[in-house]
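The sequence and structure are shown first, and the notes are grouped by topic.

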Amino acid sequence: AGLLWGLAAYGLWGFFVFYFRAVAHVSAMEVLAHRIIWSVLFLGVLMGFRGRWKENLATAFKPKALAMLGLTTVLIAINWFTFIWAVGHEQTVQASLGYYINPLVNVVLGFLFLRERHSVLRWASVGIAFAAVSLLILQQGTVPVVALVLAFSFGLYGLLRKIAPVDALVGLTVETKLLLPFAIAYLAVLGARGERAFLTVDRSTDALLLSAGVLTATPLLCFANAARRLDYATVGLLQYIAPTLQFFIAVRIFGEPLYPVQLVAFGMIWIALALYSYDALSRRRRVVTKTG
């Protein structure tokens, strides 16, 4: 079940770039606000059908759970905004780099916080990824901020959601509710200034923004369910399904440029992921052999 949840989550995230390119004419902050508002409504209906309002409220009043969900709320808001901005500003290639790096960030986080022990091959893959990012910084003279923000914000988000004492649906509902006042306030300010895109541009834009809740909540629910059922290293193994789709779409369909130094860096990341995958599969075979 965890594997299926993970495949669904990362597959949806991979194709999500088409949606954000379609709403690129809307500011990233307004798209983020709509993601939050419509996610709250969608999740509220879902919670109602499942009769879990009492559990939701009870969780919100537990100090430990609320503190942890407060942190995950900040992290997911940062991640959402960065990705929306990147796709809208033709930075999808760099965004995909961030999600390629993320599985290797998960290795480090699993070691530091979950006491997961890793092999020499796994640490070698982390070292190669670090070298790839260093190469980009040295050759381009700038830090790949988008990639690093996406990698670390989502890595920390997944770590906290794995250990949070709440299930996927309840946790996501609380997170979006915590963001709701800020989203409403921002849209109110935009409306007062006459700068709001919703209900002022065209019907297709309105429909796209209204669908943000379903499109946002569905892969996140899949991810949270996967994270709670799988060890964190396996979650990292599945992670690069999404950036592979994003990279292909960015280069082959969106026509974003791919510079030589970026191609070298991506090649190093792919080698790192190949080593990581080989190690993970080898471990899986040994476990199956022992238990079989």
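The model discussed here is a predicted one.

- Thr-205 belongs to helix α9, which covers residues 203-210.

**Packing of α5 against α7**

- Helix α5 (residues 92-113) and helix α7 (residues 145-163) cross at roughly 40 degrees, and their axes come within 7 Å.
- This angle makes α5 oblique to α7, because angles under 35 degrees would count as roughly parallel.
- The crossing of the pair α5 and α7 is right-handed.
- On the α5 side, the residues in contact are Gln-94, Ala-95, Leu-97, Gly-98, Tyr-99, Ile-101, Asn-102, Val-105, Asn-106, Leu-109 and Phe-113.
- On the α7 side, they are Val-145, Val-146, Ala-147, Leu-150, Ala-151, Phe-152, Phe-154, Gly-155, Leu-156 and Leu-159.
- Sorted by class, the contact of α5 with α7 comprises 16 nonpolar and 5 polar residues, with no charged residues.

**Packing of α2 against α4**

- Helix α2 (residues 28-50) packs on helix α4 (residues 63-88) at an angle of about 135 degrees, and the two axes are 9 Å apart.
- This makes α2 oblique to α4, because an angle has to be over 145 degrees to count as roughly antiparallel.
- The crossing in which α2 passes α4 is right-handed.
- From α2, the contact involves Ala-28, Met-29, Val-31, Leu-32, Arg-35 and Ile-36.
- From α4, the contact involves Ala-77, Trp-80, Phe-81, Ile-84 and Trp-85.
- The contact of α2 with α4 has 10 nonpolar residues, no polar residues and 1 charged residue.

**Packing of α8 against α10**

- Helix α8 (residues 168-193) and helix α10 (residues 212-229) have axes that come within 9 Å and cross at roughly 130 degrees.
- The helices α8 and α10 are therefore oblique to each other.
- Their crossing, that of α8 and α10, is right-handed.
- Ala-168, Leu-169 and Leu-172 represent α8 in this contact, where they meet Ala-217, Leu-220, Leu-221, Ala-224, Asn-225 and Arg-228 of α10.
- By class, the contact of α8 with α10 divides into 7 nonpolar residues, 1 polar residue and 1 charged residue.

**Asn-225 in α10**

- Asn-225, located in helix α10, is among the residues of α10 that meet α8.
- The relative accessibility of Asn-225 is 17%, so Asn-225 counts as buried.
- The side chain of Asn-225 is joined to that of Arg-229 by a polar contact of 3.0 Å.
- When residues up to four places away in sequence are not counted, Asn-225 touches Trp-5 and Ala-168.

**Leu-75 in α4**

- Leu-75 is part of helix α4 and is buried, with a relative accessible area of 14%.
- Not counting residues up to four places away in sequence, Leu-75 touches Ser-153, Leu-156, Tyr-157 and Leu-160.
- The separation of Leu-75 from His-89 is 14 residues in sequence and 21 Å in space, taken from C-alpha to C-alpha.

**Loop residues with positive phi**

- Glu-90 is not a glycine, yet has a positive phi of about 55 degrees.
- The loop between α4 and α5 contains Glu-90, which is exposed with a relative accessible area of 53%.
- Leu-199 likewise is not a glycine and has a positive phi, here of about 70 degrees.
- The position of Leu-199 is in the loop between α8 and α9, and Leu-199 is exposed with a relative accessible area of 58%.

How values were computed
Residues are numbered from 1 along each chain as its sequence is written. This is a predicted model: local features need pLDDT of at least 70, side-chain atom pairs count only at pLDDT 80 or more; totals for chains, interfaces and linings use all residues. Side-chain values use heavy atoms; hydrogens and water are left out. Axes are lines fitted to C-alpha atoms, for helices over the stretch in contact, and angles run from 0 to 180 degrees between N-to-C directions. Helices (H or I, at least four residues) and strands (E, at least two) are DSSP runs, numbered from the N terminus. Angles under 35 degrees count as roughly parallel, over 145 as roughly antiparallel, 65 to 115 as roughly perpendicular and the rest as oblique. A crossing is left-handed if the near helix is turned anticlockwise from the far one by less than a right angle, and right-handed if clockwise. Contact means heavy atoms within 4.5 Å. Ala, Val, Leu, Ile, Met, Phe, Trp, Tyr, Cys and Pro count as nonpolar, Asp, Glu, Lys and Arg as charged, and the others, Gly among them, as polar. Buried means under 20% relative accessible area, exposed over 50%, partly exposed in between (1.4 Å probe, protein chains only). A polar contact is a pair of N or O atoms within 3.5 Å; within protein, one must be able to donate a hydrogen and the other to accept it, and residues adjacent in sequence count only if both atoms are side-chain atoms.
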